[in-house]
Amino acid sequence: MAMHGIYNYQDLTLKSFSVLNEIESNFVLEMRNHPEVASWMVGNIKIDRQSHKQFMANQSSETRNFNYLAYDADGVAGVVSLHRVDRYNEIAWLGIYKNPFRSEKGLGRKILKAICHFAFEVAKLHTFKIEVVSNNAAAIRAYSAIGFKNEGVWREAVKRDSDYLDLVLMGMTFSEWVGHEKK
Ligand SMILES: CC(C)(COP(=O)(O)OP(=O)(O)OC[C@H]1O[C@@H](n2cnc3c(N)ncnc32)[C@H](O)[C@@H]1OP(=O)(O)O)[C@@H](O)C(=O)NCCC(=O)NCCS
């Protein structure tokens with residue numbers, strides 16, 4: 001199926017990174033490098049402009065990683081992604097961050113619901129996974145609320161200063177999603 005387009009879900013529009021203009025692309029970098037986003041990424045590194053440009057240029061030829069800029073009526077709501085899409089096993093990993101320049105409660109959950117709908121109903125996945133640093137309480141709460149279940153941890157997998165934090169593994173199956181979306 002085509003994954004490089006523009007999709008609507010409720011009041012959100014998901015626009016593939018492969019069709020973003022330069023202003024949108026620059027704003028993605030600004031959000032990604034914002035401390036409230038970067039500090040929760042496993043890599044925790046600042047992305048330089050040249051690497052970002054190259055990353056964006058490669059988007060239209062991506063076959064396993066699909067990123068979307070999410071808009072609602074108030075502008076950019078965040079970024080959501082399907083990573084490591086495995087068509088045989090019908091599985092992928094979630095990527096998500098809300099627009100760090102917006103602070104309304106529930107924004108993350110709204111874009112989370114949109115990417116779950118996209119993953120199960122458009123990309124036709126059977127299982128959707130997420131890996132989250134164990135001290136990311138807001139993310140774990142949002143994932144649990146929408147139906148992701150705890151599936152274990154990779155112990156001390158993430159380095160933060162001189163500490164090693166666990167990486168929490170969470171997942172949701174298609175049948176669990178159907179139950180949750182209808183609530
Ligand atoms: C993960 C993310 C998208 C969630 O979005 P959000 O808008 O914060 O999520 P919501 O407001 O919908 O839900 C967060 C929940 O956690 C709660 N919460 C927020 N901060 C919290 C904290 N420090 N400790 C505990 N709970 C917290 C909120 O109250 C809310 O719960 P409630 O609705 O039951 O009251 C957003 O926090 C984000 O972009 N974080 C930075 C990037 C990131 O961490 N990405 C995920 C990497 S795996």
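Here's a walk through this structure, from its sheet to its helices, its core and its ligand. What you're looking at is a predicted model, where local features need pLDDT of at least 70 and side-chain atom pairs count only at pLDDT 80 or more, while totals for chains, interfaces and linings use all residues. Residues are numbered from 1 along each chain as its sequence is written.

Let's start with the sheet. Eight strands make up an open sheet, in the order β1-β2-β3-β4-β5-β6-β8-β7, with mixed pairing. At the edges sit β1 and β7 (149–160), each pairing on one side only. On average, neighbouring strands of this sheet are turned by 25 degrees against each other, direction ignored. Axes are lines fitted to C-alpha atoms, for helices over the stretch in contact, and angles run from 0 to 180 degrees between N-to-C directions.

Now zoom in on two pairs. β1 (residues 6–9) and β2 (residues 12–16) pair in the antiparallel sense over four bridges, and Y7 has L14 in β2 as its bridge partner. These two strands form a hairpin with two residues between them, and Q10 in the turn has a positive phi of about 50 degrees. Further along, β4 (residues 75–86) pairs with β5 (residues 91–98) in the antiparallel sense, over seven bridges. There, G78 has K98 in β5 as its bridge partner.

Next come two helices. α4 (residues 107–122) lies across β1, β2, β3 (66–72), β4, β5 and β6 (127–133), running at about 35 degrees to β4. α5 (residues 137–146) packs on the sheet too, touching β6 and β8 (163–173), and its direction makes about 160 degrees with that of β6.

What about the inside? The largest nonpolar core has 39 residues, and A70, V80, I111, I115 and A119 touch the most other members. A nonpolar core is a set of buried Ala, Val, Leu, Ile, Met, Phe, Trp, Tyr and Cys residues joined through C-beta atoms within 7 Å; buried means that 20 or more other C-beta atoms, placed from the backbone, lie within 10 Å of a residue's own. The largest share of this core, eight residues, comes from α4.

Finally, look around the ligand. Of the 19 residues there, W40, G108, R109, A137 and A138 come nearest, and α5 gives the largest share of the shell, five residues.

Definitions and conventions
Pairing = 2+ DSSP bridges. Contact = placed C-beta atoms within 7 Å. Buried ≥ 20, exposed ≤ 12 C-beta atoms within 10 Å, placed from the backbone. Near = placed C-beta within 6 Å.
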